[in-house]
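Please consult the sequence and the structure shown below while reading.

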Amino acid sequence: MVRIAGSPIAGLVAFSAATNLGVAGRAFALPVEDPRVSAIVRGFGGRAEEDAAVGLSREGFTLLGAEAPGPGADDRIDWARRWMPASAAAAARLDARVGGLRIGISMVLEPKTAVLALLLAEAGAEVAAFAFAAETDDAVADALRGRGIAVHASATATPAEERAAALALLDGRPRLLVDDGAHVIRLAHRERPDVVAGLIGATEETTSGVTPLRAMAADGELRIPVVAANDAVTKTWFDNRHGTGETCVLAIARALDDDLSRSRVAVVGFGPVGEGVAERLRVLGADVVVVDLDPRRALAARFAGYATAPVLTAVRDADLVVSATGVPSTIDGTVLAACRDDAVIAVAGGAPEEVLPAPGTQVERLAPHVERLRLPGGRSVRLLAGGDCVNIVAGEGNPIDVMDLSFAVQLASIRLLLEQRLPPGVHRLPEEQDRAVAGLAIGGGEGRASSPAGLVDWRRTRFDLGR
Ligand SMILES: NC(=O)c1ccc[n+]([C@@H]2O[C@H](COP(=O)([O-])OP(=O)(O)OC[C@H]3O[C@@H](n4cnc5c(N)ncnc54)[C@H](O)[C@@H]3O)[C@@H](O)[C@H]2O)c1
């Protein structure tokens, strides 16, 4: 184990923790004399530019023309807003139909979500928010209440209180739901059919929400149109892969105070999230083995240069096991029993009970985000963030600039629901609108929002040339 202070990732960790800005896609002024720092930043998707606004070294970071936000919730909300231009532009495209519309948001309650709620409120909507206790920042909840948003959430809520808070959100009779994990959409179908009847539709933020909604649609049980914001290219390619990969790995490093350079790691699940996590771990110097039940994804991992193995083999020598499946019970009692003593378990996916220890496991708190699980067989492992998403519970969640894209997709999805009355089912954001979101983010006139297919006569072949 190598501690973070003084290691090549020290400045990067400090930058991410203090600013919640992303490394991927950002320009940095990097120290030429420290190639290890440069290699890690490049491996995380950053690029070197001499006069970049952010300077990074293993001693720390510097920001030109900006000061990292203060600790107050209002400061953090205003800071996040400053880095969310695509969401602001997408909100500006909402028309009068959003005026007076009741919108319920169920999402991790932190500064970026607060910006989404405020953008919708400023566009004229009547916004209310709900969040689970582990995903609530009470100071942000209070700041939002102070800015006129109804918030049903508390960081200390019991499971019964969480449920009551979600029902209170529904009892406000929202016409649109913006969900993350489809928990509130499903609760509405079960407990508040009259509210479902009044819904124009919903949007869903993440893979683990889209999957059950597709199953409901296949069984004829989904009674509203849901736009799978998750499935937009501008969401999955950036949020799931880059944002989640980057922030999960940095949150794990921080929780363990380990630069992970000497770790042997098993990454379970090689979808976009697992891919991003594995990529960043490898850049830090970890030895990564990938597990995926889908042979296509296991093959993709091999072609990306990783060893692959069945889970019980992969975890045997791992110092760290990261679950990135979003599937309950991925790391069950059998998998835990196969782990080496004192191995660390972290979740990047985030389905309920993704880590499901066998009955009789004893839990002891070691540090704020670290618990020791004493397994029935006598061994023990360390669990990070209580088995919830490690970047959300033990970090600041996805970077602001990545959530800017995801929320621009959410806003485009809301616009779609208001403009076209879609039938019940799970819908994708049309490609043109997906491209338009990327156009908002890349700025500078790069790329085009319309498909090149419309500009070319595809009937022409080589035979027609030179006629
Ligand atoms: N923490 C965050 O901030 C964050 C952000 C985005 C997405 N997510 C969540 O991360 C999870 C993964 O997202 P994704 O888009 O990569 O999903 P995905 O469904 O595309 O990929 C998951 C992969 O896991 C594999 N898998 C499933 N069960 C497995 C098992 N038991 N063992 C081995 N492999 C298994 C699947 O074959 C698939 O390739 C989802 O729950 C998603 O909601 C978290």
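Ala-182 counts as buried, because 27 C-beta neighbours lie inside 10 Å. The cut-offs are as follows: a residue is buried if 20 or more other C-beta atoms lie within 10 Å of its own, exposed if 12 or fewer, and partly exposed in between, with C-beta atoms placed from the backbone. The model is a predicted one, in which local features need pLDDT of at least 70 and side-chain atom pairs count only at pLDDT 80 or more, while totals for chains, interfaces and linings use all residues. Residue numbers start from 1 along each chain as its sequence is written.

Ala-182 lies in the loop between strand E8 (176–179) and helix H8 (183–191). Helices (H or I, at least four residues) and strands (E, at least two) are DSSP runs, numbered from the N terminus. Although Ala-182 is not a glycine, its phi is positive, at about 60 degrees. Most residues other than glycine have a negative phi. Asp-342 also has a positive phi, near 70 degrees, and belongs to the loop between helix H15 (333–338) and strand E16 (344–347). Asp-342 is exposed, with 11 other C-beta atoms within 10 Å.

## The eight-stranded sheet

An open sheet of eight strands runs in the order E13-E12-E11-E14-E16-E20-E19-E18, with mixed pairing. Strand E13 (307–308) and strand E18 (362–367) form the edges; each has a single partner strand, so one side of each lacks a neighbour in the sheet. Two strands pair if DSSP finds at least two bridges between them.

Within this sheet, strand E11 (residues 264–268) pairs with strand E14 (residues 320–323) in the parallel sense over four bridges. Ala-266 is opposite Val-321 in E14.

## The four-stranded sheet

Another open sheet contains four strands in the order E2-E1-E3-E4, again with mixed pairing. Its edges are strand E2 (47–48) and strand E4 (60–63); each has a single partner strand, so one side of each is without a neighbour in the sheet. Strand E1 (residues 27–29) and E2 are paired in the parallel sense over two bridges, and Phe-28 stands opposite Ala-48 in E2.

## The chain as a whole

The protein chain has 18 helices and 21 strands. Its radius of gyration (taken over C-alpha atoms) is 22 Å, close to the 23 Å given by the globule rule for 467 residues, so the chain is as compact as a globular protein of that length. That rule is 2.2 Å times the number of residues to the power 0.38. Of the 467 residues, 52% count as buried.
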